[in-house]
Protein chains: 2
Amino acid sequence: MPALRAAQALRPAIRSLHAASLNSARCFSSASIRMASNKAFIQGEPDAPVLKASIPGPQSQKRIDELSEVFDTRSINMMTDFTKSIGNYISDPDGNYLLDVYAQIASIPVGYNNPALAKAASTPDMVNAIINRPALGNFPSHDYAEILKTGILKVAPKGLNNVFTAMAGSDANETAFKAAFIYRRQLERGGPDVEFTQEELDSAMNNQSPGSSSLSILSFKTAFHGRLFGTLSTTRSKPIHKVDIPAFDWPQATFPKLKYPLDQHAEENAKSEQASLDEVEHLIKTWHIPPAAVIVEPIQSEGGDNHASPNFFRGLRELTKKHNVLLIVDEVQTGVGATGKFWAHDHWNLQDPPDIVTFSKKAQAAGFYYGNPALRPNKPYRQFNTWMGDPVRALLFRAIVGEIERLDLVNHTAKVGDYLFSKLEGLQKKYPEHFKDLRGKGQGTFIAFDNPKRDQFLAKAKEFGINIGGSGASAVRLRPMLTFQEHHADILVDALEKIVKAL
Amino acid sequence: MPALRAAQALRPAIRSLHAASLNSARCFSSASIRMASNKAFIQGEPDAPVLKASIPGPQSQKRIDELSEVFDTRSINMMTDFTKSIGNYISDPDGNYLLDVYAQIASIPVGYNNPALAKAASTPDMVNAIINRPALGNFPSHDYAEILKTGILKVAPKGLNNVFTAMAGSDANETAFKAAFIYRRQLERGGPDVEFTQEELDSAMNNQSPGSSSLSILSFKTAFHGRLFGTLSTTRSKPIHKVDIPAFDWPQATFPKLKYPLDQHAEENAKSEQASLDEVEHLIKTWHIPPAAVIVEPIQSEGGDNHASPNFFRGLRELTKKHNVLLIVDEVQTGVGATGKFWAHDHWNLQDPPDIVTFSKKAQAAGFYYGNPALRPNKPYRQFNTWMGDPVRALLFRAIVGEIERLDLVNHTAKVGDYLFSKLEGLQKKYPEHFKDLRGKGQGTFIAFDNPKRDQFLAKAKEFGINIGGSGASAVRLRPMLTFQEHHADILVDALEKIVKAL
């Protein structure tokens, strides 16, 4: 490939230009790490990060410039060569390989170029799904039940054996909201068999009540549920996500603010959680547009990796049941194994399951699970769109589930998470100001900490061969894949120490 | 396959049960039609519809029952076997083959199991796109500029050389709305360099103005733009789409009501169009939540195939420019060749292009095109989401464009549309009450007519080997693929006559 040859020709120049970062990278090539990758789940990973050029290097910059002509690239993190990325390593057009603990914003489940997924992507079934995309609501494919049952539904949360498939997290949440509004209005109307009034039908066409319901979704401060108009009205992460966009006047409750380490602040934290529950109840009872549902993330992710205890979530379940308000658990980022359980809400030991659980990201497919048949609207075409999901992604999720089972990746992630967390505790003792509020213990690799120079931290990480992301105002969040192993954790922890030393 | 064997075993029973429909089907197997398909673009199509069982037949019913356990199937039209569907023919698990002029709600562009698409779906590039899905805003793939330029952007509407990629029509429209709101507020603020005020930032977090803007999108009565919360607020097709779902108090103007035949109602129709434009202008000037954009379909599709003249749309472009309101043309259903031009708005001969054109369906990819660089928000992360589109579908659209060019399918569709329309005029003369307001002349195969027993018409069509859809309250809409040929038109017209005779 000409691009590759050009990169090779430029390499000597890059080498001298970026000697500093290259030197810092070389230290990863120790014998012990080189050995470790023999245990890698995915063969072909480098033994350690490889830094051949600055990021962006000349080849990457050329491609960024080219893309910028037609596509907004100002949020670019790095130009990526996915054909060369492998396992836990992300590559770029300049031949760099970074250990990737961000994983396409927490959405790559089992490694780049995973051979089992490549196999699934090469089957006649997949070709069929790509070129003959069904309008699933009208013309489901003869094998869609089987595809669902052996994939998306095989891993359905306990008690939720129905699914409505969607495209991504945002529309998964919006369709869940619609299900909640329809369900609530059916109850208010006296059941699914009660017909709409003419006034409802007419006023709905004018976007007026009673047809357009005066109901809301209650979400939490610092929550993130998406960026479409309904979901953005429940998203409270950052002003830049929301400013200038019209929003519904929906209520928000304060999410518990836990203090760390948890065992030293048990009483305070319990109080914070109770205050949050009290606020939820107050809003349910008093908000001028009554909530049909509460939506909550098991761990607020984009909003800064904010945790709450199982006890809080059990309280929330109890409260929502008491007031006949649905509980929607948004597992778009937490789902599919990263917390050491398949679904993060499995940590809560709920007596009654959530009413709705939404998923996307590492599932690659998207949608919402539900159990109560009354959450199917009383008439067809109320929840409907042309494609209603994507069998390509349903097939891929099935292959992902297969790979998770084959390698026991959920239990694996629980263990590696424990290993990583204890090493991070070591770092925290050494550099307390750089690893503040270390959190995610017992939550697999879903770990975060605050750093006072967070943005520099993230940028600097690339010089040490690590691709890592942030969340909220000051959190560094770890979102490795489920194929992240102890030897990767060693490389990561080693690099984290170097990063904070260089800050 | 066991399913197939079971279907074969059942066949004698079905034959006797459904003798009537089978007889009506057999008449398609005339010699002339059998010959015609030798000219078919896609080899392997049957010469005519094949009816082996009722619809749903026993195999289909079994699979519907199975799917119903986990997925809402009440909007099912027919259970489909996409592996056996070919070209313009849709197949089911009972071995039926129907001539498909509905095409997955107007979203299959170049035939089922098109070999060129199958080839594109089998490449290493496609496998890579499936298994290594990028977060395009942060980590675009090194070849995304090339993928866009040789595909999605190769067919960009004149003057619109930028694209924001999305998942489907609904989020394509919603992100277009967001672009419009951000653009408008930037203008009001005094330009992209003026910073947000603290009040704006704070109030946005509470879903309150001024941060959450008090702006609207103006749409037309009987329009359809999607079913998410923002788009549903602009959708005015049917109450069942809207009832119980909260909506923004956005304005709607009356869409022109053209009378047919057009040449006999020129003056009246011009008046109706002017009245509509006057109403738009009045709403722009007076609506209590000012419109940032007007969104319009070139032909209102879900709402009943409502047309307006190029003159109307030129007036709308003029009016929106005059009032500094963006014009968003929703080409989700009309785009990609079906009207005999690549984009339906190519029929209008606009001096200034629309500000934004949205696309999906037959593109299989989705998003919005724009030309004015100021429609990129002034800061990154204002238009953003995890995936920002899907390279799988971008690659597929490129292959679709290749197939359209290879077979000159846009010009082909213009010609076949003319052929079909003149034959339908013949039917209309014979059965005026059954082919009311025949419309879409000169608009390729994007043709519709009203039928007083529309729902029975659609159901009955299957007995005569045709899969056909409706729109609005009483329209039968033709949405064949771009590979629909004259010999298919002959079969269709023959069947349409039989259907109305049987009503």
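Predicted model: local features only at pLDDT ≥ 70, side-chain atom pairs only at ≥ 80, totals over all residues.

**The meeting of two chains**

Guide: Chain A can be superposed on chain B with an RMSD of 0.0 Å by a turn of 180 degrees and a shift of 0.0 Å along the axis. The two copies are thus related as by a two-fold rotation axis. Within chain A, the residue that comes closest to the rotation axis is A:F229, whose C-alpha lies at 2.8 Å.

The contact itself draws 122 residues from chain A and 122 residues from chain B. Of the interface residues of chain A, 100% are also interface residues in chain B, so the copies meet through the same surface. Between chain A and chain B an area of about 11,200 Å² is buried, and carbon and sulfur atoms give 60% of it. On the side of chain A, the residues that lose the most area to chain B are A:F139, A:H142 and A:D244; together they account for 8% of what that side buries.

From the interface one may turn to the elements within each chain, beginning with a pair of helices. Two packed helices are described by the angle between their axes and the distance between the axes. In chain A, helix α7 (residues 124-131) and helix α15 (residues 391-406) have axes that come within 8 Å and cross at roughly 150 degrees. Because angles over 145 degrees count as roughly antiparallel, α7(A) is roughly antiparallel to α15(A). To this contact α7(A) brings A:D125, A:M126, A:A129 and A:I130, while α15(A) brings A:P391, A:V392, A:L395, A:L396 and A:R398.

Strands of a sheet pair through backbone hydrogen bonds, either parallel or antiparallel. In chain B, 3 strands form an open sheet in the order β1-β2-β14, with mixed pairing. At the edges stand β1 (89-91) and β14 (466-467) of chain B, each with a single partner strand, so one side of each is left without a neighbour in the sheet. Strand β2 (residues 97-100) of chain B runs antiparallel to β1(B), and 3 bridges join the two. B:Y89 has B:L99 of β2(B) as its bridge partner. Helix α18 (residues 486-502) of chain B packs on this sheet and touches β1, β2 and β14 of chain B, its direction making about 100 degrees with that of β2(B).

Notes
Residues numbered from 1 in each chain as written. Chains lettered and ligands numbered in written order. Heavy atoms only, no water. Least-squares fit on C-alpha atoms with pLDDT ≥ 70 in both. Contact = heavy atoms within 4.5 Å. Axes fitted to C-alpha atoms, helices over the stretch in contact; angles between N-to-C directions. Helix = DSSP H or I, 4+ residues; strand = E, 2+ residues; numbered from the N terminus. Parallel < 35°, antiparallel > 145°, perpendicular 65-115°, else oblique. Pairing = 2+ DSSP bridges. Buried area = accessible area lost by both parts, 1.4 Å probe.
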